Amino acid sequence: MLHIHRIFVIASFLGALVLSTASQPAVSQITPSAETKPTDTKLALKAALVLTPEFCADKATQGSFWTNGKTKLFIGKGACLQFEPILSSVFSSLTRIADASAAGDAQVVLVPRLVNASIKTGFGYSYAEVVVLLEWTVKDRSGKTVWFETVEGHAKDTTPEKDANGKFIRGEAWVVIPNHAVKDAINDLARQSASKMAASPELQKLAAEAATAQTPR
Amino acid sequence: MIKNLLSGIAVIFVALSLLEPTYAATKFPDYPTRKASDCAVTGRSGELVVGVQPIEDLKDQKTYFNIESTPKGFIPVYIVLENGSSVDSFIFDKTAIKLGQGGSSYSSPKSTMNAGKTAVVDSGTVFMPLAGSIFAIISFNNADAVRQNIMAKEVQSKTLSPAVSVQGFLYAPVPKKGPRGKIRLQIPVTRTGTGEVLVLDVEF
């Protein structure tokens, strides 16, 4: 019995060794989907960011219980934590609201919608690659859509060899790696959204019109 | 006996480790972008031009999607939408795209409609929204890499600023066996500011 146990341990060790060598370089990294330039000047618009409870709870589901397991990607939860601070760099003022009817005197209302999300993991969770697609609808005061865009967030994370305390975390990689990748993809999504909003000719035109209307004659 | 079994397990681990990098390195080439005028079918409405290029060849389907999609019941359809206006912007909402059977009952819809009116025209053709078909298509395929690639290549909703274009794939259902009938696409696009709806109508 002891002999069998020893063989099992050796086989397990070999398996673990093989898994570790099959992994990607032991560095956590973010691969943004595109170059993001920081916003130099803010759009002179009062914006209201609509983060409804439904959106914050929204998730994407992938896979099947009967095959490789069902994976849930909690995109809304992460987005509701990361969007406001990053998007506030785009507008002269940004207020977070839970319902579009509470927009008040906002000049533009920003409404996100999760389109889809997908995760791809390497064997033994050696890496996780996440793609998130989000749709933005931006309406003016009259309720007219002035900007409509799909933004992609992307991240690829590989197994960190050790945590900050020097402890090996490979054993819990199936949790750590996908969570890192989802968080990073949402961060990329927020930065890409900010970049696209700032570069939008439609929003720039609206800001210019609003500034002209406010200028005393 | 047990020793042999465990040795076998170890061998499987080694084999899988060799397979993994191959899987991880799976790359799907991008479909070469092309102008609307270079596509098999083109349509125009006002300042907007659409080009449509169905990917019928199984080899091309395998190359760009790593799947022979026709036997699975759909074909990828490359579309490119170009805004030729130097002033106006248009909103392209992929969820508003309608798909129908082409053929003898075909009649041209009005190319423009007023704001607030539905873009679907009654021409004897039964239209259904194309949005959502992607989820049905990719649900049968458990290969995450294939699924992610199909999602990434899908055309996405966008504001078409002056002189801006958008391109990507739609996934149209077809019979798994035998020749397919004509497919008709209606693509409504809304002019920002006025809310006027232009309908691009193509058959392939």
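**Figure 1. B:Ala163 in the loop between β8 and β9 of chain B.** In this predicted model, B:Ala163 sits in the loop that links β8 (158–160) to β9 of chain B. Its phi is positive, at about 65 degrees, although B:Ala163 is not a glycine. B:Ala163 has 12 other C-beta atoms within 10 Å, so the residue counts as exposed. A residue with 12 or fewer such neighbours is classed as exposed.

**Figure 2. The open sheet of chain B.** Four strands make up this open sheet, in the order β1-β2-β3-β9 (chain B). Their pairing is antiparallel. The edges are taken by β1 (41–45) and β9 (165–173) of chain B. Each of these two has a single partner strand, so one of its sides has no neighbour in the sheet. On average, neighbouring strands of the sheet are turned by 20 degrees against each other, direction ignored.

**Figure 3. Pairing of β3 with β9 in chain B.** Strand β3 of chain B covers residues 74–83. It pairs with β9(B) over nine bridges, in the antiparallel sense. One position can be picked out on each strand: B:Pro76 has B:Tyr171, in β9(B), as its bridge partner.

Figure 4. β1(B) and strand β2 (residues 48–54) of chain B run antiparallel. Five bridges join them. Among the bridge partners are B:Gly43 and B:Val50, the latter in β2(B). The two strands form a hairpin, with two residues between them. In the turn, B:Gly46 has a positive phi of about 60 degrees.

Figure 5. Helix α2 of chain B spans residues 58–65. Within this helix, B:Gln61, B:Tyr64 and B:Phe65 are buried. Seen down the axis of α2(B), the buried residues fall within an arc of 85 degrees, so they line one face of the helix. Their cover includes β3 and α4 (144–153) of chain B. The face turned away from the buried side of α2(B) carries B:Lys59 and B:Lys62, both exposed.

Figure 6. Chain B has four helices and eleven strands. Of its 204 residues, 38% are buried. Take the contacts in chain B between residues at least 6 apart in sequence: 69% of them join residues at least 24 apart.

**Figure 7. Chain A, helices and strands.** Five helices and seven strands make up the secondary structure of chain A. From the N terminus on, its elements follow the order α-β-α-β-β-α-β-β-β-β-α-α. Buried residues account for 44% of the 217 residues in chain A. Among the contacts in chain A with a separation of 6 or more, 74% are between residues 24 or more positions apart.

Conventions: Residues numbered from 1 in each chain as written. Chains lettered and ligands numbered in written order. Predicted model: local features only at pLDDT ≥ 70, side-chain atom pairs only at ≥ 80, totals over all residues. Pairing = 2+ DSSP bridges. Axes fitted to C-alpha atoms, helices over the stretch in contact; angles between N-to-C directions. Buried ≥ 20, exposed ≤ 12 C-beta atoms within 10 Å, placed from the backbone. Arc of directions from axis to C-beta. Contact = placed C-beta atoms within 7 Å.
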